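Keep the model open alongside the text.

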Amino acid sequence: MNPIAEAQFHPHSYGFRNNRSAKDAIARFNYMAKTENMHFAVDIDISGFFDNVNHAKLLKQLWTMGFRDKNLLMVLKKMLNAEIVGEGVPDKGTPQGGILSPLLANIVLNELDWWISSQWETMITNDYQYSNKGKQDRALKRTKLKRFYLIRYADDFKIVCPDFETANKIFIATKKWLKERLYLEISEEKSQITNMRKRYSEFLGIKVKVKIKGRNAKGENTFVTTSRIQKKARENIRKKLKEGISEILRQPTRINVQHKYNAIILGVHQYYKMASNVSLDFKELEYSLSRYLYNRLRDIAIIEKPKQGIDKTYDNIYGKNKSKTFRINNVYLFPISGVSYTPPMNYTQDICDYTVMGRAKIHTRLGLSHNIIKYLMENPVKNETNEFNDNRISLFCGQMGKCAITGTLLKVGSMEVHHKIPRNLGGTDEYKNLLFVTNEVHKLIHASNQSTISKYLNIINPTSKQLGKINDLREIVGNYKLGGI
C-alpha cells in the first residue's frame, strides 16, 4: 500500500514516512519562522485521533486514493473491526500499535494537508503554473488571500502565519473542516494560537521562539529562532536516566551500563541536538543529576578523567570530552552535557521513492550514475537468480557506485559482483554475501598463478589497507595471502 499512498502524500507531512523525520519537520518550522516571518503558530490538537477515525470515511479515502482492490479493502475493514478484548467490536478508530495505523493516519489527514495547502501554497493562479513557485508566490501576494503554511508530523501539526488575524481565521476554518469532513473534534484546552515573538511554541519535544537579530538595509527587523528542549521532555529524560542508574546499581554489568544508561544518553543527544540551546539544557540536567549519580555509583565505580584506549566506544563518540566521569567494568558513562547544537537542515521536499521526479532527486543527491543503474536494471545477468540480480542493483547503490576495495568509481564493462563465500562452499546470493568490485580486483582475489597475481598487483597498486582486504577475501575462497602487508 505504501508506494501508492506515498506518491500522493503532501511534501510537508513528515511523520512515519520514507526520507522524512522529526528533524525535517523542525527544520521546516525554523525556516518558516526565521526566513518567511511566519511568527504566529496555530496548534491544533485532535482529541483522541487514533481512537476516533471514522471507518466509512477512511474506506472512501482509500478508494479515492486508488486502492480499488475490493479484497484488500475487505481485509482492511476486518482489521478495523477486529474485536478488542474487554471492549467489543469498535465502530471507529484504528488498531493501537498496529503496523498499519501510521499509514492509515497519514491517509486520513492527507486530505487536510492538501486542503490547507490549496488555500495558498499550491494554489494554481491564472497566470502561472505551480512548477514556477517564485512567479506564483509573487502573483498570489498581489491578491488579498491570506498566506499560511502547514507542517505536520502524524496527528501533531502546526499552521504558521504572519499575523494574528490570519492565524485566527485559519484556526476557526480548520476546526470546522475537521469536524465536517473528517468527523474529528479538537481539544479546546490544548489548541491555541502562539505569538512566537512573545512565547515559545512547542513541537515534537522542542520549543521554538523568535528573537530580533538586527536590521537589514531597508531598516526592517531581521529574526532568528531560538529553541530549547520541552520541559516535559526534559523530565522524561531525567526519569529514564534515574531508572537506568537504579538498574546499574542492582547489576553493575557492562551490558547494563551500555544499554540502560549510555544508549539513552546517545539517543537523546542525537535527537535533541537540533535545539539551539541544547548544551544549556543538558548542562542543567547534568547538574540536577550530579548528586544522585555520585551517591548511588560511588561505591561501584571509579571516578576519573577518561583514559584513551579503555573504552573504544567512548573514545569514538565522546573522546574530546575530558571532564570526569564514572567507569564501571571498563565502560565509561557517557557525559550528559557532551552535546552541541547541530542545525537541522532543509532539503528538497519533492524527494520521494515512488515518483519519477522524486527518485531522480534521490539519485542526484547520492551522486550515482542514472545510466549505470538503468543498465543494471535492463541487463540482468543471465542464468543468475532473481535474488542475485535484485541485490546487484541494491549493492551498486549501497556502495555509492564505488569499488568495495579501492573506492574507485565503477563503470559498465569493468565491474563484477564477488561472492565473499563462494557458492561451491555454501555461499548464497543474499546481499550480505556480495561485493561490487572492479574486474582487476575480482581477478586478483581468485588468481593463483604468480604471473597473473603480479600483473594485477601492478595494475591496482593497492595500499596496505586495500591489500589487507583483498587478502581477507582470498583466504575465504581458499587462496594464500599475498606478501607486502
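Three strands form an open sheet in the order β5-β6-β7, with antiparallel pairing. Strands here are DSSP runs of E of at least two residues, helices are runs of H or I of at least four, and both are numbered from the N terminus. Two strands pair if DSSP finds at least two bridges between them. The edge strands are β5 and β7 (221-229), each pairing on one side only. From one strand to the next, the twist averages 40 degrees. Helix α2 (residues 22-34) packs on this sheet and touches β5, β6 and β7. Contact means heavy atoms within 4.5 Å. The direction of α2 makes about 150 degrees with that of β7. Such angles run from 0 to 180 degrees between N-to-C directions, with axes fitted as lines to C-alpha atoms, for helices over the stretch in contact. Strand β6 (residues 206-215) is joined to β7 by 9 bridges. R215 stands opposite N221 in β7.

The model is predicted: local features need pLDDT of at least 70, side-chain atom pairs count only at pLDDT 80 or more, and totals for chains, interfaces and linings use all residues. Residues are numbered from 1 along each chain as its sequence is written, and side-chain values use heavy atoms, leaving out hydrogens and water.

Now turn to I151, in strand β2 (residues 149-153). I151 counts as buried because its relative accessibility is 0%. Buried means under 20% relative accessible area, exposed over 50%, and partly exposed in between (1.4 Å probe, protein chains only). Beyond its neighbours within four places in sequence, I151 has contacts that include A25, R28, F29, M32, D156 and F203. S13 is 138 residues away along the chain, yet the C-alpha atoms of I151 and S13 are separated by 6.4 Å.

β1 (40-45), β3 (156-161) and β5 (201-203) each supply at least two lining residues.

A second open sheet has the order β8-β9-β10, again with antiparallel pairing. β8 (302-304) and β10 (331-332) are at the edges with a single partner strand each, so one side of each lacks a neighbour in the sheet. Strand β9 (residues 325-328) pairs with β8 over 3 bridges. I302 has R327 in β9 as its bridge partner.

Further along lies strand β12 (residues 434-438), with 5 of its 5 residues buried. L434, F436 and T438 cover one side, and L435 and V437 the other. Strand β11 (residues 415-419) pairs with β12 in the antiparallel sense over 5 bridges. Within that pairing, E416 has V437 as its bridge partner. Next comes helix α15 (residues 439-446), whose buried residues are N439, V441, H442, L444 and I445. These residues pack against β11, β12, α16 (450-460) and α17 (464-477).
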